[in-house]
Amino acid sequence: MTANASSPLAPDWLALPADLNALHEPMWAAGVGRTSDGELAVDGIPVSSLKEQFGTPLFVMSESDFRARARSFKDAFDEAFADICGGVDVYYAGKSFLCSAVARWVAEEGLRLDTCSGGELAVAARAGIDGAILSLHGNNKSDAEINRALDMKLGRIVVDSLDELERVAKIASERGETAKVMLRLTPGVHAHTHEFIATAHEDQKFGLSMAGDSTEQAGLSAAEEAVAAATSYSGIELLGLHCHIGSQIFEPDGFALAAVKLLGFLAEMQEKYSIHLPELDLGGGYGIAYTAVDTPRPPADIAQAMAAVVRSECAGLGISAPRISIEPGRAIVGPSTFTLYEVGTRKTVRVDAPATGGAEAAGKNVTHARRYVSVDGGMSDNARPVLYDADYSAILASRTSAAAPQLSRVVGKHCESGDIVVRDVYLPEDVAAGDLLAVPGTGAYCWALSSNYNYLARPGVVAVRDGSPRLIVRGETEEDLLNRDMGA
């Protein structure tokens with residue numbers, strides 16, 4: 001394959017790169033670049049040094065980049081909403097990636113922390129995070145999780161159903177306490193994203209429907225019934241409403257439509273039930289660049305667009321704006337991190353594809369080459385490709401190369417044909433065993449979804465700051481895995 005000819009096997013969006021050694025900046029953390037020797041480095045630390053010290057696979061995170069992205073959301077939204085509601089409460093979505101170090105960074109940068117389980121609350125507690133800046137999500141919270149939230153005096157519990165509202169009210173009343181509650185609603189907004197990460201349409205497990213009749217009270221939606229019930233429970237302080245339309249979203253129209261629907265509903269409920277709902281959470285789900293064709297919007301653009309909608313709607317409805325909150329996770333941690341792998345085996349397969357070149361080629365197939373490059377991790381450290389058909393990119397990290405580009409598929413070492421890390425990418429033809437590859441944008445939902453499939457130990461997470469790396473999550477060992485095996 002010549003350097004100026006793209007393979008017919010490549011998807012339409014995958015352009016042949018002009019320079020295989022270049023970094024597409026939106027996919028990488030600030031401070032990631034190549035050394036004078038051509039090796040990928042973070043804050044000047046070459047990846048070979050990280051591999052020697054910590055092994056591979058390895059999640060490599062730039063702490064300064066994470067902190068800067070967190071601050072950029074807080075600053076941009078505070079500025080955009082200053083005249084509307086005095087600023088915005090930014091909750092970092094801990095489900096994307098959480099450990100005690102990250103929880104502390106979040107608090108130090110002025111953000112709050114969103115959790116989704118008792119385990120995530122335990123991480124926040126270990127990090128010393130004040131319960132007042134924590135929230136708890138989840139569609140099936142256990143009694144133990146609700147009690148832990150009350151023990152920690154959480155700033156809010158996001159209630160997902162009528163059953164759960166009753167359960168929280170009962171537990172709080174039995175303790176002689178009041179639970180601060182947000183109601184998660186499904187506004188029926190169809191986000192432009194994968195089906196499994198779109199969360200505001202009706203036919204899915206999350207939230208209280210704003211459409212149609214409640215199954216309990218004719219004439220009321222489930223959302224309105226929850227508002228009515230919440231105002232009647234002595235153990236509930238109803239703070240406001242919440243929605244989340246999905247993840248990895250680039251188009252602004254979904255966020256705007258959700259804001260319009262929820263503000264209208266909030267105004268209606270305040271008037272009908274003579275209550276004040278002081279808070280409105282518009283969720284997160286802001287997209288990031290996984291490949292060169294992804295075009296994420298800067299936080300300031302998102303903030304200004306959302307502020308314009310909230311300002312206009314509140315004026316039109318004649319209501320005071322509620323305190324707005326948002327929940328970015330992926331947009332903060334995703335680009336801050338890449339995964340470092342070592343190359344093992346390679347093979348090249350021949351695949352037939354339709355010929356190109358005019359009428360004489362019509363109906364004919366031509367055989368093309370695809371290179372399979374196996375690495376020492378896979379679906380156990382990145383399940384997103386097999387779960388969501390997620391696309392990633394990869395580069396040769398241990399050196400530069402002048403070799404011709406070869407259409408490649410980066411695969412893992414698991415006993416699954418679907419164990420694909422990067423489905424389509426151009427890599428240098430001379431990639432060989434022992435080379436290091438780096439896959440950017442793996443900070444969100446990779447370590448968090450990791451597993452021990454085939455008894456692979458989960459990788460560690462290294463944070464780099466000011467030229468100094470340190471483990472923030474220790475990689476597992478075989479002994480860790482065997483310690484839970486209780487024998488015959």
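I took contact to mean heavy atoms within 4.5 Å. Helices (H or I, at least four residues) and strands (E, at least two) are DSSP runs, numbered from the N terminus. I noted that this is a predicted model, in which local features need pLDDT of at least 70, side-chain atom pairs count only at pLDDT 80 or more, and totals for chains, interfaces and linings use all residues. Residues are numbered from 1 along each chain as its sequence is written, and side-chain values use heavy atoms, with hydrogens and water left out.

Entry on α6. I looked up what covers the buried residues of α6, and found that the cover includes α5 (118-126), β7 (134-136), β8 (156-159), α7 (162-174) and β9 (179-186). Buried means under 20% relative accessible area and exposed over 50%, with partly exposed in between (1.4 Å probe, protein chains only). In α6 (residues 143-151) I found E145, I146, A149 and L150 buried. They lie on the same side of α6, because they cover an arc of only 140 degrees around the axis, taken from the directions from the helix axis to the C-beta atoms. On the face turned away from that buried side I found the exposed residues A144 and D151. K153, which follows α6, has a positive phi, near 55 degrees.

Entry on α2 and α10. I checked which residues meet: S72, F73, A76, F77 and A80 in α2 contact P299, A300, I302, A303, Q304, M306, A307 and R311 in α10.
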